[in-house]
Structure formats: C-alpha cells, structure tokens
Amino acid sequence: MKKYLMPLLLSLAFLSGLGAVSCNSHVSESDSLHLEQVTIFSRHGARVPLASYEEDLSRVVGAGLTWPIWPVQGGHLSFRGATLEYVAGENFRNEFLAEGLSLTPGDVYFCASPKQRTVQTSEAFAAGLLAGAGVEVHYKGAKDFSDGYLDPEFLPLFDYTTAPDFDWDAFRAEALREMDEMAARVDWDESYSFMENALAFKTSVYAREAGKEHFDKSVSFRVEKLTPAGKPAEPDVAAGCDLLLANRASDAFVLQYYEQDDYALKKYKLTENLNYADFQRLAAIKDVEVDLVFTAPIVAVNISHNMLRMIKREMEAPGRKLTFMCAHDSSVASLLAALRVKPYQLDATTAIERKTPIGVKIVIEKWAEGREHYAKVYLAYYSTAQMRSGNPAELVGEAGRLQRQPLSFEGLSPAANGMYRYEDLMAHIDRTLALYDKTARGERPF
C-alpha cells in the first residue's frame with residue numbers, strides 16, 4: 001500500500017466494522033450457480049475541479065458570485081471521494097462473500113490511469129475490499145504523477161498505430177462527420193439559458209470581454225493526432241467554443257453538489273436558490289458534451305481499442321478472481337458506446353449525472369453452473385443521497401448498497417436465467433475489437 005494513503009486508511013479504520021450488505025441482485029438461480037470472477041472498470045471517485053479549469057471558472061461567473069474554496073489540490077480525489085470508495089469496496093466484499101467468493105491480495109489485480117485521483121480511488125477501494133490488506137496499484141509513469149504520462153489503456157487516445165496502414169485523413173473526416181451529425185441534433189437553448197442564469201453570465205468577465213450576453217451555441221470539434229504541446233491526443237471540443245466553458249461550469253456545479261450539504265450550498269449566492277432538479281439540468285450539459293466528444297461510433301471504437309484489449313486480457317488472466325481498473329468518465333463512455341450498450345438513463349431520483357456519474361463502475365461478473373458460464377453486466381454507482389451522506393458509517397446494510405443499472409447489448413440475447421452466456425459476451429468483445437480495422441479505413445463501424 002502506498003505510504004501517502006496510510007493517513008487516509010487510519011482515519012477510515014472505524015469503517016471496518018460495517019455490517020454485511022443485502023445481496024438481492026445476486027440471488028442464485030440454483031444452488032449450483034456460483035460467482036467465480038469479477039472484472040470492474042471504474043470511473044474515479046469524487047474529485048475537485050481540475051486546476052486547469054480555475055481561470056475559466058472565475059471568468060465565467062457573474063459579478064459578486066464565487067465558487068467554493070475546494071478542500072484539496074485541483075483535480076485530486078477529495079476526502080469524501082476516498083471515504084466513499086473505501087465503503088464501496090467493503091460493501092462489494094460483503095456481497096462477494098455472501099456468494100462464496102472470498103478474495104486475498106494474491107487473487108486480485110489493481111491498475112489505474114496515472115493520475116492521483118484514479119490511483120487513490122483504486123487504493124481506497126482495495127483497502128475496503130481486502131479489509132485493509134496491502135495491495136499494489138499498478139500504473140505507468142512517474143510515481144508522483146509529475147510526468148503527465150498518457151496511458152492508452154486508460155485514456156481515450158486516438159489509436160492510429162495498431163494498423164500499419166491507418167488512413168488518418170479518412171478517419172478524421174468520418175469522425176468529424178459523425179460528431180457534427182450528433183451535435184446538429186442537440187438543442188442547446190434551454191440548457192444554456194438555465195446555465196447563463198445560474199452563473200449570472202451577462203455580468204461575467206468573459207461576457208464583458210467577448211462582447212456577448214449568451215453562450216455561443218455553435219460547436220466544432222478537435223480531431224488531431226497530437227495536442228498543441230505535441231502529446232498524444234484525444235477527441236475534444238475545438239478551442240474557442242463556448243461549450244468548453246459551459247462544460248467546465250457544469251462539472252464544477254456537480255462537484256459542489258456532491259461535496260456540500262444543502263446548508264452549505266445556501267451559503268453561496270451562486271447556489272443558494274438551486275434545487276435537486278436544477279443541478280440535474282446543470283449536469284446535463286456535461287453529459288451531452290461527453291456523448292458528443294467520445295461516443296460517435298468511429299471515435300468510440302478507435303479510442304477504446306486499447307482499453308478493451310486490456311479488459312479482455314484481465315478477464316482471461318489465469319487464477320484471477322478480481323481485477324479493478326480505474327479511469328475516467330470519457331473512458332467509461334467510449335467503452336459503453338463501442339460495445340453497443342443499449343441506451344439507458346439512470347434513475348432521475350438517484351442521479352444528477354444520468355450516464356456516467358462520478359465513481360460509476362462497469363461490473364462484469366462471471367458465474368458458473370456446472371460446465372456452463374454466464375456473465376452479469378451492470379453499472380454500480382452511488383446515488384446522490386449516498387454521495388452526500390454526512391456520515392459514511394450510516395452507509396451500512398441496504399443503505400450502503402450501490403445502485404445497479406443492468407446493461408444490455410445490441411446483437412446479444414440473454415440466456416434463460418437472464419444473464420448472458422459468457423462465451424457470447426467474449427465473442428461480442430472480439431467482434432468489437434475487430435471493428436478497429438474499419439476505423440483504420442475511415443469507415444463507420446456500425
């Protein structure tokens with residue numbers, strides 16, 4: 001276990017006595033059906049806004065309005081985020097034990113994007129899952145994250161090297177066509193109008209300097225091999241688009257809602273009159289931006305290719321009982337799109353982020369019944385009420401059980417027990433990996 005996490009674990013030690021969690025979603029179909037293996041691909045837990053957002057956030061908010069003072073360095077996992085991941089790990093441990101799956105450090109593998117928030121999410125979850133037993137979280141790059149290493153197995157970076165004859169010009173043209181087509185279907189009027197009112201945008205420094213009273217609704221995208229700094233690139237909104245500013249404000253509103261209770265929100269003019277439904281409306285801008293940038297078919301299949309190869313490798317690792325991989329909302333969104341997960345929206349009563357909320361986990365459970373193997377695939381996430389719980393010790397029993405959203409896939413039919421045949425799911429993953437060749441030719445994959 002990394003030394004810099006030890007103070008956190010000591011402060012969380014009281015949580016080790018939390019009771020077992022109800023396992024209604026894991027009731028066996030028969031006595032012989034049992035859980036063998038679990039693969040989890042997670043978004044990091046609750047963080048604070050990225051340090052690079054600070055200037056934009058201050059410029060886009062109206063006169064007399066301020067954002068909160070965030071508790072940790074920009075982009076880092078918050079204490080609340082670490083605590084909730086610890087509790088989530090312990091709740092999963094109790095559920096797995098109830099199904100006969102016991103875990104030791106030798107049975108598991110933890111890996112993450114080389115970012116503080118993803119590595120500490122993994123460490124906190126591991127501490128809860130393994131009752132404090134030490135386990136290494138594997139990540140590439142500098143141990144203190146100082147080199148900004150970009151790992152293609154965790155980040156949605158363009159992959160134009162796997163195919164030796166990759167046609168970048170054809171790929172770029174099709175990617176922009178699909179992204180523009182998606183953007184043309186978005187009506188920004190209501191979302192932007194609400195965001196502008198919440199920010200008092202007309203009196204902001206940005207509005208004054210740009211000579212505008214409203215966000216510009218036009219959207220264009222950046223699809224380039226390298227960033228302006230010469231690093232591997234991922235899809236993005238083009239520089240200068242107001243969607244970048246609106247998305248960063250949306251992110252900050254969502255994170256403030258998670259970190260502060262209603263009493264604290266009332267202390268800021270910025271949030272004093274906002275209710276739950278209002279925060280959902282503000283979060284919608286971020287949801288749509290993630291969809292536009294990361295889920296166009298040719299983009300999703302291409303940028304998730306290395307991630308999906310890693311996931312398959314971990315699912316097939318001999319003797320592995322559990323793998324935990326931690327990345328970002330963009331990574332989760334592109335994977336779900338590439339795998340052709342059928343459309344869903346999380347329950348409005350449980351989530352203000354309706355697609356890939358903070359800390360969300362893609363969970364793939366492998367079940368055995370005799371010689372047959374099945375897969376149960378779902379999203380696990382904390383409800384907003386659980387996220388904002390003032391006392392993590394309250395998250396015991398059913399109150400601490402993460403919400404579930406079953407996932408279904410285009411082209412796959414479940415077995416009689418409601419799960420997928422494991423071999424069918426693996427074949428579906430292989431077909432998705434094979435679609436990379438279409439992206440190399442600049443063809444829409446599906």
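The largest pocket of the predicted structure has a volume of about 1300 Å³, and its lining is made up of 41 residues, with L50, S52, Y53, R117 and E234 lying nearest the centre. Two or more residues of this lining are given by each of several elements, namely helix 4 (116-129), strand 5 (236-237), helix 8 (242-259), helix 10 (276-294) and helix 13 (329-338). When the lining of the largest pocket is divided by residue class, 16 residues are nonpolar, 11 are polar and 14 are charged.

For the second largest pocket, a volume of about 450 Å³ was computed, and of the 18 residues that line this pocket, T295, A337, V341, P343 and K355 are the closest to its centre. The elements that give two or more residues to the lining of the second largest pocket are helix 10 and helix 13, both of which are also listed among the elements that give two or more residues to the lining of the largest pocket. By class, the lining of the second largest pocket consists of 10 nonpolar, 2 polar and 6 charged residues.

The largest cavity contains about 120 Å³ of space and is lined by 14 residues, of which L308, I311, L339, I362 and I364 lie nearest the centre of the cavity. At least two residues of this lining are supplied by each of strand 1 (34-43), helix 12 (305-315), strand 7 (361-369) and helix 15 (422-434), and the largest share, 3 residues, comes from strand 1. The lining of the largest cavity divides into 13 nonpolar residues and 1 polar residue, with no charged residue.

In the second largest cavity there is about 30 Å³ of space, and the residues that line this cavity are G45, A46, G81, L84, E85, I358, G359, Y382 and M387. Helix 3 (residues 79-98) provides the largest share of this lining, namely 3 residues.

Key
Residues numbered from 1 in each chain as written. Predicted model: local features only at pLDDT ≥ 70, side-chain atom pairs only at ≥ 80, totals over all residues. Heavy atoms only, no water. 1 Å grid on protein atoms, 1.4 Å probe; cavity = no way out; pocket = protein on both sides within 12 Å on 5 of 7 lines; lining within 4 Å. Points joined across faces, edges and corners; volume = space filled by probe spheres on them. Helix = DSSP H or I, 4+ residues; strand = E, 2+ residues; numbered from the N terminus. Nonpolar A, V, L, I, M, F, W, Y, C, P; charged D, E, K, R; others polar.
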